[in-house]
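Dear colleague,

Please find the structure below, passed on to you for your own work. My notes on it follow directly after.

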Amino acid sequence: MLKKIDLRKKLKEISLVNADYSHMVIDRLQNIIKDKIVCTYIPLENEVNINMHLKGQSILATTCIQDGEIKICIYEEPLEKNSFNVFQPINLKIIDKVDIFLVPGLGFDKKGTRLGKGSGIYDQLLTNHLNSTFIGITDKNHIVNKIPSESHDIQMHILITHDEIFEVDL
């Protein structure tokens with residue numbers, strides 16, 4: 001089995017599938033998020049952008065950095081880059097409750113294990129919201145057989161690719 005560092009390197013070399021989402025995936029996603037507080041991410045170049053398909057949620061939020069800590073805020077423009085070089089709203093309206101987190105990753109396995117960039121930011125954030133639903137967003141080329149996991153790693157409940165959505169058996 002590859003170590004996390006080797007797996008990160010391998011997955012970074014694989015291009016993201018730049019495909020349209022199937023209607024089935026979008027319909028099911030919209031049913032899942034309907035009337036929920038959803039925290040999404042503002043995608044970087046190497047992350048799948050699902051945000052244009054988010055409709056029906058009660059509140060759309062995103063992550064932000066405030067006083068050196070990662071927090072959740074209402075997603076609204078205008079945006080600026082934070083200390084992690086990630087876009088966030090300029091006017092931060094912090095919230096505490098989130099029903100569903102949409103989480104990017106370099107890769108996932110079918111058990112819901114996520115491979116991030118290695119900083120542990122999402123694990124820290126999600127640890128404070130263990131009653132929420134975690135949905136990994138990726139493409140079919142970034143789902144692998146096994147990702148090594150550690151005790152601090154947070155498992156996803158659902159994985160979404162452009163053409164598939166499936167619940168993880170935790």
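Strands β3 and β6 (residues 94-95) pair in the antiparallel sense, with 2 bridges between them. Within this pairing, Ile72 has Ile95 of β6 as its bridge partner. Please bear in mind throughout that this is a predicted model.

Strand β3 (residues 69-74) is also joined to β2, by 6 bridges, and these two strands run antiparallel. Ala61 stands opposite Ile74 of β3. The two strands β2 and β3 form a hairpin with 2 residues between them. Asp67, in the loop between β2 and β3, has a phi near 50°, a positive value in a residue other than glycine. Is Asp67 buried or exposed? With a relative accessibility of 74%, Asp67 counts as exposed, because the threshold for that class is over 50%.

The loop between β3 and β4 (79-81) holds Tyr75. Tyr75 has a relative accessibility of 22% and therefore counts as partly exposed, since buried means under 20%. Leaving aside neighbours within four places in sequence, the residues in contact with Tyr75 are Thr40, Ile42, Asn51, Leu60, Ala61, Thr62 and Pro89. The C-alpha atoms of Tyr75 and His152 are separated by 27 Å, and the two residues are 77 residues apart along the chain.

Pro78 also has its place in the loop between β3 and β4. The peptide bond that joins Glu77 and Pro78 is cis, with an omega of about 5°. In the loop between β4 and β5 (87-89) lies Asn85; the phi of Asn85 is positive, near 65°, in a residue other than glycine.

In α1 (4-12), the buried residues are Lys4, Leu7, Arg8 and Leu11. Why do they lie on the same side of α1? They cover an arc of only 105° around the axis, and this puts them on the same side of the helix. As a general point, an α-helix has 3.6 residues a turn, so residues three or four places apart point the same way. The face of α1 turned away from the buried side carries the exposed residues Ile5 and Lys9. The buried residues of α1 pack against β8 (107-109), β9 and β11 (143-144).

Those three strands make up an open sheet in the order β9-β8-β11, with mixed pairing. Its edge strands are β9 and β11, each of which pairs on one side only. Strands β8 and β9 run antiparallel and are joined by 2 bridges; Gly107 has Leu115 of β9 as its bridge partner.

Helix α2 (residues 23-33) has Val25, Ile26, Leu29 and Ile33 as its buried residues. They cover an arc of only 95° around the axis, and they are therefore on the same side of α2. On the other side of α2, His23 and Asn31 are exposed. The buried residues of α2 are covered by elements including β1 (37-40), β7 (100-104), β12 (158-160) and β13 (165-167). After α2 comes Asp35, with a positive phi near 60°.

The largest pocket has a volume of about 640 Å³. Of the 32 residues that line the largest pocket, Arg114, Lys117, Ser119, Ile121 and Tyr122 are the closest to its centre. The elements that give two or more residues to this lining are α1, β2 (59-66), β9 (114-115) and α3 (121-127). By class, the lining of the largest pocket has 14 nonpolar, 10 polar and 8 charged residues.

The second largest pocket has a volume of about 170 Å³. Which residues line the second largest pocket? They are Leu16, Val17, Asn18, Ala19, Asp20, Tyr21, Glu47, Val48, Asn49, Met52, His53 and His162. By class, this lining has 6 nonpolar, 4 polar and 2 charged residues.

With kind regards

Definitions and conventions: Residues are numbered from 1 along each chain as its sequence is written. This is a predicted model: local features need pLDDT of at least 70, side-chain atom pairs count only at pLDDT 80 or more; totals for chains, interfaces and linings use all residues. Side-chain values use heavy atoms; hydrogens and water are left out. On a 1 Å grid over the protein atoms alone, a cavity is a set of points where a 1.4 Å probe fits but cannot get out, and a pocket is an open set with protein on both sides within 12 Å along at least five of seven lines; lining residues have an atom within 4 Å of a point. Grid points are joined across faces, edges and corners, and a volume is the space filled by probe spheres set on the points. Helices (H or I, at least four residues) and strands (E, at least two) are DSSP runs, numbered from the N terminus. Ala, Val, Leu, Ile, Met, Phe, Trp, Tyr, Cys and Pro count as nonpolar, Asp, Glu, Lys and Arg as charged, and the others, Gly among them, as polar. Buried means under 20% relative accessible area, exposed over 50%, partly exposed in between (1.4 Å probe, protein chains only). The arc is that of the directions from the helix axis to the C-beta atoms. Contact means heavy atoms within 4.5 Å. Two strands pair if DSSP finds at least two bridges between them.
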